[in-house]
Amino acid sequence: MTARSSRAELLLTCEHGGNRIPSEYSHLFRGAGDVLASHRGWDPGALTLGRLLSRELGRPLHAVTWSRLFVEANRAPTNRRIWSRFTKDLPKAERDSILARWWQPHRQEVEAAVAAAVKRGRRVVHVAVHSFTPELDGEVRNAEIGFLYDSRRKREGQFCRRWAVALGTLDPSLRVRYNYPYSGAADGLTTWLRKRHPESRYIGIELELNQALVDAKGWRPFQERVAASLREALSDG
């Protein structure tokens, strides 16, 4: 059974797919090339994996390629961390304009996709593709894959365990952890959507991959195994 024919309908997103800055705001980031290129500016590897999942599973990818340092696509507009040190001091009217032009379209597009699937009587399995730096503040992250979910929603945990088993069968060497290196219940697009849809209709998972895998030996086979294991997890649901 494929992702298309399953009772579940896969939704793919990538909130930190690039580190572009709109030309009219480039002056705010003068001299910031290094930080924009780092994990603070985007999620290296996430867009590449998201595009492969899209091709392999036949589902569109909804992606943001503006830098998270311009406006954070995975934060609510009321969260002060939606703005970085480069943009937080802009006048409120300017920040509102940025939200309307660059933040809101992705949020509306994803919300519309979920609502349309729910209206058709489908249960949405939303996989938001992200990546994490191998080391942060002196701590070496000890996982290749993290599945983030809300532990209060039973179906999300069940789906993550199915996916982890399928992935582990294809590559037993992978270290997989749950709600690591971040909490799946923290502010994010999946959290936003959980507030609007019951778990019988919406499952929100953030897939976190270790950036040490990106462009390393075995990078493409790894992506293919992630796609194959996701297909299997969907078919079992």
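I started at Val-127 and listed its contacts (heavy atoms within 4.5 Å). Leaving out residues up to four places away in sequence, Val-127 touches Leu-10, Leu-11, Leu-12, Thr-13, Trp-163, Ile-205, Leu-207 and Leu-230. This is a predicted model: local features need pLDDT of at least 70, side-chain atom pairs count only at pLDDT 80 or more, and totals for chains, interfaces and linings use all residues. Residues are numbered from 1 along each chain as its sequence is written, and side-chain values use heavy atoms, with hydrogens and water left out.

Next I looked up the largest nonpolar core. A nonpolar core is a set of buried (under 20% relative accessible area, 1.4 Å probe, protein chains only) Ala, Val, Leu, Ile, Met, Phe, Trp, Tyr and Cys residues joined through side-chain atoms within 4.5 Å. I found 34 residues in this core, and Val-127, Phe-159, Trp-163 and Leu-230 touch the most other members. Helix H6 gives the largest share, seven residues. Helices here are DSSP runs of H or I, at least four residues, and strands are runs of E, at least two, numbered from the N terminus. Apart from this core lies another, of 27 residues, including Trp-102 and Tyr-202.

Then I asked: is Gln-223 buried or exposed? Gln-223 is buried, with a relative accessible area of 3%. I placed Gln-223 in helix H6 (residues 219–235). Beyond its neighbours within four places in sequence, Gln-223 is in contact with Thr-48, Leu-49 and Leu-52.

Key. Buried < 20%, exposed > 50% of the residue type's maximum accessible area, 1.4 Å probe, protein only.
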